[in-house]
Amino acid sequence: MGIKKIKLINGKRGYFFSLDAFLALVIIFGVILFIKPTVKHVDYEESIHEDLLLALSSVAIADLNNSYAETLRSSGAITNQNQSVLDQIGEFYANSDTRANTLADSILNELDLDKNIGIYFGDSEIAKIEIIPYASAETISTSRQIISGIQQGNATKGYSSRAFLFANKRVDYFYFGGYVGDGNISVIINGTVLGVNVEGVFSKNFDVYINNVFAGNHSPAANIPYKFSLADQLSKFVPGENIVEFRSTQENLYVAGGFIKVVYDSYDINEGKTKFFPGVEGLINLYDSFYVPSVVKKMDILLHYNSSYDIFMTIGNKTVYQGNSSGSETSVILNDSYLKSILDTSGGLGVIKYPNLHDKTVPVRIGLSNASYYLNQSSYVDIISVTDISGSMDEDKITDAKNANIQLIDAILNYSGNNVGLAAYSTWAKKNDFHTLSNDSTSLKNEVNSWNAQDYTCICCGILKAVSCFDKNIFLDNFNGQTSGSNPIGWTIVEGNGVIDITSSSLEGDRAVNISRLSSQNPSMNHYFPPQQDKITTEFLVRHNSGTGTIRMEVEGANDGYSSLQDYIVLKMYGGWIRNVNAQIVSYNLNTIYKIRVEVVPGASTYDLYVNDALVGDNLAVYATRNNVARVFFTTENSNINYAVDDVKVFLTDEICDVPQGNRNRVAVVMSDGQANRDCGLNPVPDYDLDGDTDFDPSDQAIEAACIAKQKNITVHAVGFGNTADEETLQNIASCGSGSYYFADVGGLVDLYTQIANDVIKASYYEQTITGEGFSTRLYPDSYIKLSYQSTLPYGLVVFTETDIFNNPESQGSFYIPEDSTPYNGKVVSYSGAKWTSNVELYNQSSSTWKSFFNLGSYGLNFTNLGDPYMTEIPKSMIKTGNNTVRVFVGVSSSNYTAGSIYNKVIYSVIKEFSAYSPISPSADGCKWNIEFEDGSTIIMSVPSNYSGPDQCHYQSGNMFDPDGSTDAIELAIFSLLRKLDLNSNGKIETKFSDNDLTLDTSEITGIPFSWDTEVQIRTWS
Amino acid sequence: MGRFILTLKSKKAQAWSFDLVIASIIFIVGIVMLYFYAVNYTSQSENKLDDLFFEGNLASELILSEDSFGILTGNQINQAKLDEYLNYQQKKDELGLTKNFYFNIQNDPTNYGLVNPPDVENIVRVIRITIDNNKIVSFKLYIWE
């Protein structure tokens, strides 16, 4: 037993540790198995910040199912129901409104989300749920979104304004041709007319009739574009067809280029596929053109006329019609197939063919063919050479001038029937430097050889001397039409203690001058003129109204230097007697009109006095002998007196030239080597040379003298001689005298005068004006060329613009197409007078060459058979954005041309989307705008038109709107638009609104988010 | 008898030593086994969780989409599309998921999917936010092996 126990005990002990270890492992495994979880939950929440951002952006605040949002809605706190919850929170935030926090809190708290999450705008916490503090977060996840229009402390929504130009009226032009005559001229205007402006060179005074109702008379200056408006005659227009007529009581009115600008009552681009010809009643003599912008599909012509004589019509150099109506009214239709057959025929140089009519200005001529002898007859030349013999012409120059004049005499007198006169001038044009019109070359040359260079330069004296060869009148003033109560125009007035005023108590016509001496100082008025040395008559009406003083009337002469004037003849009226100085001649009565005439031969010591055409004083003694008459002078003496003077005339008593009658070509050739530095009393005259001097400016007076010459049908050519010549003045003289300007250096004058003589002789054959008696023909204004071609109406606003006149002797000018505009068309206006526009060119900047787009010489015919465009169209393909420069030449043949008129210009149009936008701005009220245009005019307009607030805005040079100081969307949009219209950024707008009947307007959009922004963040953290 | 006593006396220490050696071996082997078990178990669990994270994320993206298998229309829960998840197996097949899942939406007592999940070792909960009937609500998806 004992042993068994021992074994048993020994055996247990041997397994004890093993068993113990085993049990320990079992326990450990048991514990591990016990504590091991059967289900393990792991949260995954990577996207909830993105989800919340998306949700807040997706739900409109109006729809949000949230208790606080409902409260906001019901309280009216939501101004924009359509914006998202995020925007609404942002709006509250921008306005520092705590409802941003409340709303965000409410949304987060209603979320069953036991997570850390927060909403932040920029760095500002809006709302959050935090299980653990954000500050102790170990990881942070963020979703971001930029929302525009939100910035704390600033408005969230604003205004944007669009400013634009618009036209609800149509502007259209009727262009006269280069020459429309000769007779009464009429034009058809179709539509409801809102405005009519006319510009043209009219040859004579004329009356305007609208629908056969008198609508005013006009007295245009010769050869200068004359402008007038029919704004005050609109009541005479009717809807539909209207006829505007230009009638002259004198014969043979013509228009040498011009246009009628008509404003109609609707905006519509009317390309004007039918070109109506102006009507002519008299001698049908039409020089015109047309332009087709694309290939002609069909062309028809209607000639509605009445003529016993054959009329012809040419297109290019092709005669498409010749016939007459035997003295009855007829309409001739030249249809498309006929015109094709005529224009498709082959021919020589420059033949116009039907398929090639497009993209070129095509001359058109309608005239009287059996009156051709008027065109081709040699109209004899009466030419006066007006030569500068002032001191600067000494030595070689005077020799050149003499030789040139001798050459001119020979060249002109080489043709029988021609005459030459000479009028040399220095300080004034003296009689012994003058030679009447003559064909006696020896006498003329002797006169030339007697000239000596001395003294000053009075160009106008020389021109007026030439004029006096054809017209005896030296100075006339009837005061009619002047303003009552003002000083008479053109007189030198010294009122002293008296008054000299225009009065309606006239002695003839409707005005006179009243001269009143009121105290000790005598009032006086005088007018001087170039000294006259031929027998001269001074005549005037006078009436002694009241007072016991003396009426003193003087005829005065100039000293040799034309620097002072002295009494020659003195007449007085007082005590009931008309007196030679104080000697009683004939009695007179108070308040009675007397016509007083004085005739004197300068240099004589006696004169003749006529009262009411009766000789009352024969060989009366002059006050003091003078060798010329140069001034009339009216004043008073002794006591107070009141008298009236009217109808003052100074004229040559006898003709100084024996001017042949008939169809003759009057020409003056004016040569000078320097500046005009002596005036001739012409006053007032325009500031032709634009130097700002209008006070007896010798240059302006020289140009005015040329204009006066042209009014007397004298064509004035000008010659600059040597490098000191005042070319600008001479060019203006040629322009106003409708002549050509030439230049010669010393040594070249002889050749030049030879050329001038040849030109004058040619011109006497070929200029456009025709004359004739007994002709009665009529072209009716419904005559037309109807052209069918492909045309596309442009998108955008077509704005017509005119450049200023070229105003330079080269007849060269530029127009500018802005980068953001599309050129629509460009028409070069040429006032060619009685000549033809022969060549028009555009400067090609890339090749630095001039490229012709109209060349009349290319038609290879005598110009008299060709049309003459007033308006030459530049092919659209040649017009570039930026500066475009053109120049114009005129002539009488392809080999005889000079620069065109200084009055030429370009009428062009661009297509442009004239609109501009403002930035988003807090307000949109408007402003009263003061806008300055390029021509210096200003306009004040409220934008919008109903704006009545106090704001004044300026777009003017020197007073410019400051956009940084404005928060008004309309102001900013208008300013932006005006800047676009200010093409050269000089503070002046190029597009004059009134010219295009444009106005400014705006439209606004409200509730636009501002462009500033804030980053919204949704953050989660753990 | 004497022999028996002598025999016992001569082997007593050896028995204890041997026992201790055996016990130590057993214990060390056990510890080593436990170590390897623990290491392998943790790695395996992590892999399984990663799978669940991935598939849970995928499932939530698919379910919260406007595709044919999604439950959204116009960023909002479409009840009709949601009800289709009452047919769990079909939707699971459409989604191409290998794991089981169910989800619920805040304020909606219904659990969509395998509505009675068994006791499993790992369940991943994917939390999202969506819009239900213009209310911003939580979306919770549970997914397991």
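Mentor: Among contacts in chain B between residues at least 6 apart in sequence, those joining residues at least 24 apart account for 58%, two residues being in contact when their C-beta atoms, placed from the backbone, lie within 7 Å; in chain A, 77% of the contacts between residues at least 6 apart join residues at least 24 apart. The model is predicted, and local features need pLDDT of at least 70 while side-chain atom pairs count only at pLDDT 80 or more, although totals for chains, interfaces and linings use all residues. Residues are numbered from 1 along each chain as its sequence is written, with chains lettered from A and ligands numbered from 1 in the order in which they are written.

Of the 145 residues in chain B, 26% are buried (20 or more other C-beta atoms within 10 Å of a residue's own), whereas in chain A the buried fraction is 47% of 1022 residues. Chain B contains 3 helices and 6 strands, which follow one another along the sequence as α-β-β-α-α-β-β-β-β, and chain A contains 15 helices and 59 strands; helices (H or I, at least four residues) and strands (E, at least two) are DSSP runs numbered from the N terminus.

Within chain A, helix H3 (residues 67-75) packs against helix H5 (residues 99-110) at an angle of about 140°, their axes lying 8 Å apart, where axes are lines fitted to C-alpha atoms and angles run from 0 to 180 degrees between N-to-C directions. On the H3(A) side this contact draws on Ser67(A), Tyr68(A), Ala69(A) and Leu72(A), and on the H5(A) side on Arg99(A), Thr102(A), Leu103(A) and Ser106(A).

Now to the sheet itself, also in chain A. Four strands form an open sheet in the order S55-S54-S56-S57, with mixed pairing, two strands counting as paired when DSSP finds at least two bridges between them. Strands of a sheet pair through backbone hydrogen bonds, either parallel or antiparallel. The edges are held by S55 (938-943) and S57 (959-960) of chain A, and because each has a single partner strand, one side of each is left without a neighbour in the sheet. Helix H14(A) (residues 969-981) lies across S54(A) (927-932), S55(A) and S56(A), running at about 15° to S54(A).

Conventions:
Buried ≥ 20, exposed ≤ 12 C-beta atoms within 10 Å, placed from the backbone.
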